[in-house]
Amino acid sequence: MTARILDGNKIRDEIKSELLEQIADLKRSGVTPGLAAVLVGENPASQRYVRSKVKTCETLGLFSEKIERPKEMTTEELLGLADDLNWRDEIDGILIQLPLPPQIDTKRVLMAVDPAKDVDGLHPVNVGNLVAGRAGFVPCTPAGILEILKRSKVEIKGARAVIIGRSDIVGKPVAMLLLHEHATVTICHSRTRDLPAVTREADILVAAMGKAAYVTGDFIKPGATVIDVGQNLLTSEEEVRKVFHDAREPLDALKKKGSVLVGDVQPEDVKEKAGAYTPVPGGVGPLTIIMLMSNTIEAARLRRGSRGAAR
Ligand code: NAP
């Protein structure tokens with residue numbers, strides 16, 4: 001049996017065309033949704049993420065502002081910046097790119113963002129709303145995972161869902177979303193005993209651990225839906241050979257680009273064992289930024305839209 005591929009690029013494009021209609025609607029009533037993306041320091045991955053977020057805003061016709069600050073910035077200075085952005089009416093969404101440099105108190109900064117502009121869904125008010133099943137902003141990657149499952153008509157109600165990873169950004173919010181959709185949810189982490197025995201119970205398995213190709217065929221119940229959130233860069237020939245069983249293509253890619261992207265799930269095993277799965281790249285990744293756009297549009301509608309709340 002060959003597993004069905006859950007194509008994140010296709011689902012992203014579907015959502016994008018729906019968002020374009022919503023943006024046109026808002027613009028007709030004089031509102032252009034705006035996102036401020038704050039980048040502190042020079043982490044290359046963060047620079048890349050912020051660039052593509054700002055670029056997606058431009059493609060969709062949203063207002064965006066990239067705010068760059070040096071890595072020596074203090075917590076107080078960043079709190080001041082968040083406050084300024086909270087007051088600016090043309091800014092609907094505030095994104096503070098994580099991780100922040102070590103001297104900055106990340107929790108205090110995230111608390112300082114107005115919950116109405118917290119499009120990353122990390123303010124305790126939005127976390128609380130998610131837990132309580134109330135309207136609020138949901139972190140983008142988990143929101144994207146739910147879109148993939150729903151739009152691919154994967155049955156969530158009554159399913160056994162197992163999540164590997166308990167981070168605030170992915171694992172916990174995915175668990176909450178699946179619980180609200182009536183799955184029976186188990187969250188695993190680094191202290192879980194006999195992980196494969198737990199994950200083999202899953203009808204829906206979400207791997208969000210940040211360990212390249214850790215989840216092998218042994219972890220997967222035949223026919224399960226596997227959502228691979230991991231984004232791991234392999235940079236040595238030895239690692240690439242091990243993960244891809246000496247296949248030519250990834251080795252060529254390594255030579256050309258210096259790295260190969262792989263998820264948390266063994267890419268060959270999942271094709272054989274799962275019923276459906278998200279590939280890496282081209283699965284969960286494309287959804288994250290489009291859900292940020294969706295949250296920004298929602299923030300604009302709730303704050304400034306003439307038609308009021310949609311949820
Ligand atoms: P994180 O904060 O590092 O959390 C990793 C989680 O995995 C932790 O809860 C950890 O357990 C658990 N874990 C690690 N090793 C384990 C093991 N051997 N067995 C069981 N559990 C284990 O990572 P994150 O921010 O959630 O991200 C997870 C992955 O998703 C990363 O690869 C990241 O790059 C990727 N990601 C992708 C997107 C996207 O758009 N596609 C977005 C966000 C993140 P403990 O809590 O016990 O330490």
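Domain bounds are those of an automatic or database domain assignment. For the protein chain, this assignment gives domain 1 (30-114) and domain 2 (140-284). The C-alpha centres of domain 1 and domain 2 are 29 Å apart.

The model is predicted, so that local features need pLDDT of at least 70 and side-chain atom pairs count only at pLDDT 80 or more, while totals for chains, interfaces and linings use all residues. Residues are numbered from 1 along each chain as its sequence is written, and side-chain values use heavy atoms, with hydrogens and water left out.

**Overall form**

The protein chain contains 12 helices and 11 strands; helices (H or I, at least four residues) and strands (E, at least two) are DSSP runs, numbered from the N terminus. Its C-alpha trace spans about 55 × 40 × 35 Å along the principal axes. A compact globule of 311 residues would have a radius of gyration near 19 Å, and the 20 Å of the protein chain agrees with this. That radius is taken over C-alpha atoms, and the globule rule is 2.2 Å times the number of residues to the power 0.38.

Among contacts in the protein chain with a separation of 6 or more, 70% are between residues 24 or more positions apart; contact means heavy atoms within 4.5 Å.

**Surface and charge**

The accessible surface of the protein chain is about 15,100 Å², and carbon and sulfur atoms contribute 51% of this area. Accessible areas come from the Shrake-Rupley method with a 1.4 Å probe; for residues, only the protein chains shown count as cover. Of the 311 residues, 49% count as buried, that is, under 20% relative accessible area, as against over 50% for exposed and in between for partly exposed (1.4 Å probe, protein chains only).

The protein chain has 43 positive and 42 negative charges, whose mean positions are 2 Å apart. Lys and Arg count as positive and Asp and Glu as negative, without His and the chain ends; each charge is placed at NZ of Lys, CZ of Arg, CG of Asp or CD of Glu.

| Residue | Helix | Relative accessible area |
|---|---|---|
| Ser-46 | helix 2 (residues 44-60) | 3% |
| Leu-149 | helix 6 (residues 140-151) | 0% |

Leaving aside residues up to four places away in sequence, Ser-46 touches Leu-39, Gln-97, Leu-98 and Pro-99. With the same exclusion, Leu-149 touches Val-154, Ile-156, Leu-178, Ile-204, Thr-225 and Ile-227. Leu-149 and Lys-242, 93 residues apart in sequence, are separated by 30 Å in space, C-alpha to C-alpha.
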